[in-house]
Amino acid sequence: MTGCHPDGMLVLRLQGGEIEALGELYELYKNRIFRAALAITRDRQGAEDVLQEAFLRLFTHVDQIRTDVPVGPWLYRVTVNLSCTWLQKRRRRFPLLDSILDQLAAPLHLSPERLVERGEVYEAVQRAIANLPLSHRIVVVLFYLEGLNLSEIAEVVEIPEGTVKSRLYYARESLKELMAGRKPLSEVLYEFT
Amino acid sequence: MNSPEQFAVHPLDCLIRETLQAQVGDAEPSPRSWRRLRAQAAHLAAAKRGNHPRRWTLGESSRVDAHGWVAGWVFARGLVAFPARIG
């Protein structure tokens, strides 16, 4: 079919009721979606729930999905919204626990060697990222972890490109301040390069 | 000015990127996740087609109704007969 994105072919099959097409889309996107959800929620079970719900929504809303563009941005948008909802629910239920976790901001996945080498720096940056406002953290995750460009992030989060830029700028400045409070930034960055 | 693209090769960008990658690493969802999703999708698809497993067909529902009427009649009969027998 002309003008149909490869994802669109799978969407068409899914619209025809083929659950196997959902499996193929899941295989294509599961890791990216799971890691984005994990970076935002910082909870493995939460990320699993978000992943599950995002693909269920893809299945139930498949008739509204365009076949001429990749499914990725749509999935990212749903993932970001679901992750925010998940965080809000957890904050309502466990406000104290959440604040403690934010303070600790423990690394989720570091090998022992890396912990020794750069653990302190990573931990400081992770804490700074965890302390960013949620709207800024989402933009940082999409830009740095998922590698989306400004216009893609603007489409996913449904904000103007200028706002994406300013949120990234604010996040970088916050990180600079935090690192400067810890030790001279130039020294940290020099060590890192 | 203030454009993140200007800092594309800045060490701070590398630091943020590497930190996030270290945070999530090569984490993957559990294989159970797909099985659960598939089961739920199949259930939804069945409901969409009108073959919801919990929905009775017309025949089934009339049979259940018929059984209900019979049971009700036997119960009512018992209620009437019991005081007559002891009295």
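In what order do the elements of chain A run from the N terminus on? They run α-α-α-α-α-α-α-α-α-α, and the secondary structure of chain A comes to ten helices and zero strands. Helices (H or I, at least four residues) and strands (E, at least two) are DSSP runs, numbered from the N terminus.

The model is predicted: local features need pLDDT of at least 70, side-chain atom pairs count only at pLDDT 80 or more, and totals for chains, interfaces and linings use all residues. Residues are numbered from 1 along each chain as its sequence is written, while chains are lettered from A and ligands numbered from 1 in the order in which they are written.

**Chain A overall**

Chain A has 193 residues, of which 34% count as buried. A residue is buried if 20 or more other C-beta atoms lie within 10 Å of its own, exposed if 12 or fewer, and partly exposed in between, with C-beta atoms placed from the backbone. Among the contacts in chain A with a separation of 6 or more, 63% are between residues 24 or more positions apart. Two residues are in contact if their C-beta atoms, placed from the backbone, lie within 7 Å.

**Helix 1 of chain A**

In helix 1 of chain A, the buried residues are A:Asp7, A:Leu10, A:Val11 and A:Leu14. Seen down the helix axis, these residues fall within an arc of 100 degrees, so they line one face of helix 1 of chain A. The arc is that of the directions from the helix axis to the C-beta atoms. Their cover includes helix 2 and helix 3 of chain A. Just after helix 1 of chain A, A:Gly17 has a positive phi of about 95 degrees.

**Two helix pairs**

Axes are lines fitted to C-alpha atoms, for helices over the stretch in contact, and angles run from 0 to 180 degrees between N-to-C directions.

| Helix pair | Angle | Axis distance |
|---|---|---|
| Helix 1 (residues 6-15) of chain A and helix 2 of chain A | about 150 degrees | 7 Å apart |
| Helix 2 of chain A and helix 1 (residues 11-24) of chain B | roughly 100 degrees | within 10 Å |

The angle makes helix 1 of chain A roughly antiparallel to helix 2 of chain A, whereas helix 2 of chain A and helix 1 of chain B are roughly perpendicular to each other. Angles under 35 degrees count as roughly parallel, over 145 as roughly antiparallel, 65 to 115 as roughly perpendicular and the rest as oblique.

Within chain A, A:Asp7, A:Leu10, A:Arg13 and A:Leu14 of helix 1 meet A:Ala21, A:Leu22, A:Glu24 and A:Leu25 of helix 2. Between the chains, A:Arg35, A:Leu38 and A:Ala39 of helix 2 of chain A make the contact with B:Leu20, B:Gln23 and B:Val24 of helix 1 of chain B.

**The side of chain A that touches chain B**

In total, 40 residues of chain A are in contact with 30 residues of chain B. Helix 2 of chain A gives the largest share of the chain A side, ten residues.

**A:Leu134**

A:Leu134 lies in helix 7 of chain A. With 14 other C-beta atoms within 10 Å, A:Leu134 is partly exposed. Leaving aside neighbours within four places in sequence, A:Leu134 is in contact with A:Cys84 and A:Leu87. The C-alpha atoms of A:Leu134 and A:Thr41 are separated by 9.8 Å, although these residues are 93 residues apart along the chain.
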